[in-house]
Amino acid sequence: MASPQLYLRLLGPFEARLRDGRPVVFELKRARLLLAWLALRPGQRGSREEIAALLWSERSEEQAHQSLRQTLAVIRRTLDDHTGEILRVDREKVAFAADAVQSDVAFLLRLGVDSAAEDLGRAVAEYGGEFLEAMSLRDPVAEEWVHGRRAELRGIATKRFEWLLGAYARAGRHGDAEPVASRLIAIDPLAEEGHRALMRAYLAADNRAMALRQYQRCRDILARDLGVEPAPETKALMRMASAPAQNEPRNFPTMLQDQFLGRTDRTHNLPRQMTSLVGRDSETSEVLARLRRYRLVTLTGPGGAGKTRIAMEVGFRLIGAYVDGVWLVELASIADPLLIGEALCSALGVPVAGDRPALESAIAYLHQKQALVIFDNCEHLVTASARLAEALLRTCPSVSILVTSRESLSVAGESLYRVPSLTFPTDTEVMTPSAAIAYSAVELFVNRAAAVIEDFALDEVTAPAVASICKQVDGIPLAIELAVGRLRMMRPEWLAANLSESFLTLRGGARSALPHHQTLRTMLDWSYNLLSPQEQVLLRRLSVFAGGCTLASATQVAGGDPTPEHAVFDLLSSLVEKSLLTADLSEAEPRYRLLETTRRYAMDKQRELGEPGRQRQLAEHLIRRLIEAGESWPTMPTVTWLVRYEPELDNLRASLEWAFGSDGNAVLGVELASHSIRLWDELSLFRERGRWSETAMLHQDENTPPVVAARLCLARTSNSAHGDHSGFSFADQAVQLFRSAGRPLDLGEALARAGAALLTVETIGKSIPYLRDALTVLEPLGPTKPLANCLRSRGVAAYLGGDFATARTLIGRSMAVCRSVGDSHGAASAQIALAELDFGAGDVENAIDDIRRLLDGRDHNRRQATLALGNLAAYLLAAGSVEQAREAAYESLREARALGWPAAIVRAGEDMALVVALSGDPELAARLHGFVSAFYAKGTASRELTEQITNRRLTAELSRRLSPDRLDKLMEEGAGWSEQQAAEAASAAGQVRRPAPADNLADLRNAFES
């Protein structure tokens, strides 16, 4: 193999040097981290999605990718100044050229316990310290990754030190061992092998006093930090140091080698794994790091989460790190707790002597051994497993234990690590292949699918389907592997659409799999049957919570005979401990959630037992909860409000489905839907708001309270869709109903929404009276969110009328009210309106800066991001930045489609039409123009000033490029397009990237700051 073109020193401060030794300086911290990440990756390659998510996790996807592009450009420019192409970049991946880059970490990892002492000595000599020493980052994900690698590599490096010390001891080179041992202790004071090596060196030099002092230091450190005694081997050296000089054996070095450093021929009994471990790098690294710090590590988590697979991976990585081996004890098939000792002896190959208990035989064997024992599937034998672990920890000081169980052993010194599900996308409707593969659940699905289906790959059709499958099964690896087996009979999109009907009986795993891993149902039966009767009852009742619950809501909805309310907390805690319930403790009020797989199983069990569900209790609870939400919304800070009420979203959806279903209660559904408007609006969920308000209206009758009817009318309107005439009649009805009910705040909001619906250049005269009346009602009530919205609409009215100074004053007042009540979303809308004022006044650069600041922040919701991106596309077009406008329009269109927002789809489509016209495709632009014109001809929406400017320019451009007859024909064709046809055509155009002119490259690099 040719020598590498670039050498990276990653252990210690980052250094890069060329083949001839010349240094290469990378000024950007993230550039150094990117190179380090790539050097550690298998095959030294990775996806752009992974890198962007690692280095810029707190930025939007677009910002992260822009920063990545800039950083890659800097790296390539730096490398190209010194050498040929080392870094290879395409649209999806980043990679080092084959054999072009080497690192000190790679050399360290290649070494094994049997490596030559010279190689181990070189690795130790070149160990410069902590991974990327002194490097810190503000990004939490990147910082966490660096810390994880530091812990992992520190453990790996110390093992190499210990192996070298072992080689020196076997060769009797105790003098050579002394500086190595001193460095090892400096790195890890708990490394007992370092203390022993120093003691051997001192004994070989006949310095008994120093050997005893080193023993005392070792003993004190172990007692202080771990609460344990030194190992028998260390104590034996202490006794040698304490013995009279005349009793010292002459063959001292040989005795040390024979007595303390012997090994067994067998190193492990781990079964060979037939598939690769996918998407578990960070989890494996975390377990390795914990085993370095703790002697007992327990992997917990729901069935099928991959606990055993991670434990096997950890075991294989540690073969050689434990002198006396890594041993797997499988407990799933053992029903009698008394047989655990026999299982351990069987795994170790230790005979049980006579009438001696098996546990005693195992302890006698392991007493002076340095080994890792893995106990797999302990949940049904928790008590017996805990006793066994305690006995081993107490009597075998050099033995470490790794456990997999759905609940902890609750043993002193136990380190618990909950194995998470693989990551999966929550929004699967608009999912590109490159975005989907960034999730570890999708990566696993594709990896396994490629093995059973020839030429399987993600594309625009399969990506959303695979993402949906992974979401439906909670990213549980076992469920994903079982689902892949169905691909032999059906395509992914069909499986995704029908999975909910059959996923508990998914079958397709290996025939050798454990019986309780053959299907999801048998896996969950295994866990369910281990519960007490009261736990089973609560689990079944909790299945009503699609979005999780608090202690209070669980008590109100799921409590009652035979589960008394006072017992709910203890039962919840027990279900969490058994990995059937997850607890989110990140908020002030803990929230408990069933995985979707477990929830559906519990619902099925409830039906099997003929028990009534708790849907009615949940609907009544949510009505009380959303009444409280509606009363607090006008003056509560948006962030606080969303933290408090957004977690109920999935419960709301499930309750509405039940209420309007065949077994539900439509009266409750109508009232619940009427209280849901605030949640839909704040989360930009327009389609759901429309669906449930329409459904509720169809179920109204003469007994429906007027205020409920008024709220449903209000849900058919918008506080910011200016000129959307379709909402006016509903707003006007709400005005009459709220006026008769004597509800001034609601009346003011309804008046403002009626005015907003009429707010176009043509109908501004009809709009202003409503807005004026709204202000008259709202201003005496003090600062509220409806007042801020009304002031903003009054500002837009002034802007449409050409009075920019008044518009700026009114929008400024709106911003002030938003800030006074903490309305971050309202402030974002005001910021968008101010950018429109700048653009209308001809200050295009300031308008662009305003929108970029908004998008860089966190105060906007998805609706506002969609609107802002559409406006940004128009501003960039006006500034002549066509390719940047293409990106903004594409992102706006993608978000608008995800939200189901027709007007925003049309606006983004018009921006894209101008982009493609300027880029040389006037025929596609003409078709899009026809579609857009047909939409506006319906009269349900109108173009504001920004859209008018884009439209005039598009019309002129098409008239210049096409003949009148051809233009008319193409526009007529586009007018017949469906929304989906137009959106797909515009999206395809948005994915085309054209190189920027050479004289604009510098401007484009600096367009978005990293």
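Buried means under 20% relative accessible area, exposed means over 50%, and partly exposed lies in between, using a 1.4 Å probe and protein chains only. By that scale Glu 493 is partly exposed, at a relative accessible area of 29%. Welcome to a short tour of a predicted model, in which local features need pLDDT of at least 70, side-chain atom pairs count only at pLDDT 80 or more, and totals for chains, interfaces and linings use all residues. Residues are numbered from 1 along each chain as its sequence is written, and side-chain values use heavy atoms, with hydrogens and water left out.

**Sheet β3-β5-β4**

- Three strands make up an open sheet in the order β3-β5-β4, with antiparallel pairing; helices (H or I, at least four residues) and strands (E, at least two) are DSSP runs numbered from the N terminus, and two strands pair if DSSP finds at least two bridges between them.
- The edge positions belong to β3 (45-47) and β4 (87-89), each with a single partner strand, so one side of each has no neighbour in the sheet.
- On average, neighbouring strands here are turned by 15 degrees against each other, direction ignored; axes are lines fitted to C-alpha atoms, for helices over the stretch in contact, and angles run from 0 to 180 degrees between N-to-C directions.
- Three bridges link β4 to strand β5 (residues 93-96) in the antiparallel sense, and Leu 87 stands opposite Phe 96 in β5.
- Helix α1 (residues 29-40) packs on this sheet and touches β3, β4 and β5, its direction making about 75 degrees with that of β5; contact means heavy atoms within 4.5 Å.
- Helix α3 (residues 61-80) packs on the sheet as well, touching β4 and β5, and its direction makes about 140 degrees with that of β4.

**Sheet β2-β1-β6**

- Another open sheet has three strands in the order β2-β1-β6, and its pairing is mixed.
- At its edges stand β2 (15-18) and β6 (101-103); each has a single partner strand, so one side of each is left without a neighbour in the sheet.
- Neighbouring strands of this sheet are turned by 25 degrees against each other on average, direction ignored.
- Strand β1 (residues 6-9) pairs with β6 in the parallel sense over three bridges, with Leu 6 opposite Val 101 in β6.

**Salt bridges**

- The structure holds 54 salt bridges, each defined as a side-chain nitrogen of Lys or Arg within 4 Å of a carboxyl oxygen of Asp or Glu.
- Glu 193 bridges to Arg 196, with the closest N and O atoms 3.1 Å apart. These residues are three apart in helix α8 (residues 192-204), so about one helical turn separates them, and both are buried.
- Glu 493 pairs with Arg 491, where the closest N and O atoms are 2.7 Å apart. Arg 491 is partly exposed, with a relative accessible area of 48%.
- Glu 620 forms a salt bridge with Arg 616 at a closest N and O separation of 3.1 Å. Both lie in helix α27 (residues 615-632), four residues apart, about one turn of the helix. Glu 620 is partly exposed at 28% relative accessibility, and Arg 616 is partly exposed at 40%.

**Cavities**

- A cavity is a set of points, on a 1 Å grid over the protein atoms alone, where a 1.4 Å probe fits but cannot get out; lining residues have an atom within 4 Å of a point.
- The largest cavity is lined by 21 residues, of which Asp 681, Glu 682, Asn 719, Asn 789 and Asn 861 are the closest to its centre.
- Elements giving two or more residues to that lining include α31 (677-682), α37 (785-800) and α41 (862-878).

**Two residues to look at**

- Ser 892 is found in helix α42 (residues 882-899) and is buried, with a relative accessible area of 2%. Leaving aside neighbours within four places in sequence, Ser 892 is in contact with Thr 866, Leu 869, Gly 870 and Ala 908.
- Tyr 294 sits in the loop between α12 (281-293) and β7 (296-300) and is partly exposed at 35% relative accessibility. Not counting residues up to four places away in sequence, Tyr 294 touches Gly 413 and Ser 415. The C-alpha atoms of Tyr 294 and Gly 413 are separated by 7.2 Å, although the two are 119 residues apart along the chain.

Technical notes
On a 1 Å grid over the protein atoms alone, a cavity is a set of points where a 1.4 Å probe fits but cannot get out, and a pocket is an open set with protein on both sides within 12 Å along at least five of seven lines; lining residues have an atom within 4 Å of a point.
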